[in-house]
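Subject: Structure handover

Hi there,

Here is the structure I promised to pass on to you. My notes follow below it.

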Amino acid sequence: MNFGGSVRVNPTGVAIMCGIVILIIFFNSGGRGSASSKTAQTVNLKQLLSVAIAAAEAGGREVVAVRAEADLGESSKGETLEGANDPKTNGDMRSHVQMYYGIRKAFPDINIISEEHDEKEVDMSKIPDASIHNAEVEEKVTTDQELPVDEVAVWIDPLDATQEYTENLKEYVTTMVCIAVKGKPTIGIIHKPFDKITAWGWAGEDVLSKVLLDDVANNKANVHTDLSTARIIVSRSHSGTVNETAQNLLGPGITVTPAGGAGYKAWEVIKGTQDAYIHTTLIKKWDICPGAAILSALNGKLTTLDGEEIDYGNGDEEKNKGGLLATMYNHDKFLEKFKVLKPTH
């Protein structure tokens, strides 16, 4: 044996070993590179809008499919504050899976708040990849904003107007997505699955889908500037109380229309068939954020009954207890008239 012999170092072998060590460190760190990596730390709002539209429409297809079945799989979450049944169906859950995981698959780091929650493990391989390129979005949106992912929250309502859905009142049913930035409702998507139409708007950019532009074109001709003849849309569950109160405040010449679904009611205000949407009881933010974003894109407003802006940044605070008023015009005048209303929660 020769214990005193020299050891020869192969430069090529050393280089290979160093390369392997670097690769191990890289992959163990998640392969992200620096903290400014766009993939993990930022979100492209234009792409997110496209994915959100695809998600709302995918959820809508599930809603329609379940409605065609003999059994909706209806159960109850309990009662609302008005004492009405708060139902849940297979349509809610199947739409939730498509919407929540469709967005999650495209943007795994984003904060998503849904009305529904998973009842069993979801097979992600069965969730279609949503396109990040929607033709109408590509045509209308010229900016390409990248924002820190922690500034963005996505609110989804997989099936708005579930009670009406169980009663086969399809016109009130929508699937909705709202993208909030720093707590402000920025992008709203409302999809009517039984009509197969989708409305979306982007506040700040003031970009609107063709469906909305067509509706808005007819809006101004329908405005009632005289509040004594105002048309007010309210929830079906407590229309009587608001009707009586509104007539006392505005006069007998007003018209109060009961309707289902917060998304439907906001859209009616946008279309100009209603002058104000009023709600006096507790309501969840996924119900109202999409309409708030679209109204904002049109210079309309959705606030509490005290005129306060609603914050949509914190998913742990899903309840709005301040009531709401949504208008395209005369918002301050309506607030002044209805300041005596006290939200119940």
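At the start of helix α4, a side-chain oxygen of Thr89 comes to within 3.1 Å of the backbone nitrogen of Gly91. The model is predicted, so local features need pLDDT of at least 70 and side-chain atom pairs count only at pLDDT 80 or more, while totals for chains, interfaces and linings use all residues. Residues are numbered from 1 along each chain as its sequence is written, and side-chain values use heavy atoms, with hydrogens and water left out.

Of the 17 residues in α4, 12 are buried (under 20% relative accessible area, 1.4 Å probe, protein chains only). Among them are Asp92, His96 and Arg104. Helices here are DSSP runs of H or I with at least four residues, and strands are runs of E with at least two, numbered from the N terminus.

Then there is the sheet. It is open and mixed, with 5 strands in the order β12-β11-β13-β17-β15; two strands pair if DSSP finds at least two bridges between them. β12 (255–259) and β15 (301–303) are the edges, each with a single partner strand, so one side of each has no neighbour in the sheet. Strands β13 (residues 276–279) and β17 (residues 324–327) run antiparallel, joined by 4 bridges, and Tyr277 sits opposite Ala326 in β17.

Helix α9 (residues 262–271) packs on this sheet, touching β11 (231–235), β12, β13 and β17 (contact: heavy atoms within 4.5 Å).

Enjoy looking through it!

Best wishes

Terms used
Axes are lines fitted to C-alpha atoms, for helices over the stretch in contact, and angles run from 0 to 180 degrees between N-to-C directions. Buried means under 20% relative accessible area, exposed over 50%, partly exposed in between (1.4 Å probe, protein chains only). A polar contact is a pair of N or O atoms within 3.5 Å; within protein, one must be able to donate a hydrogen and the other to accept it, and residues adjacent in sequence count only if both atoms are side-chain atoms.
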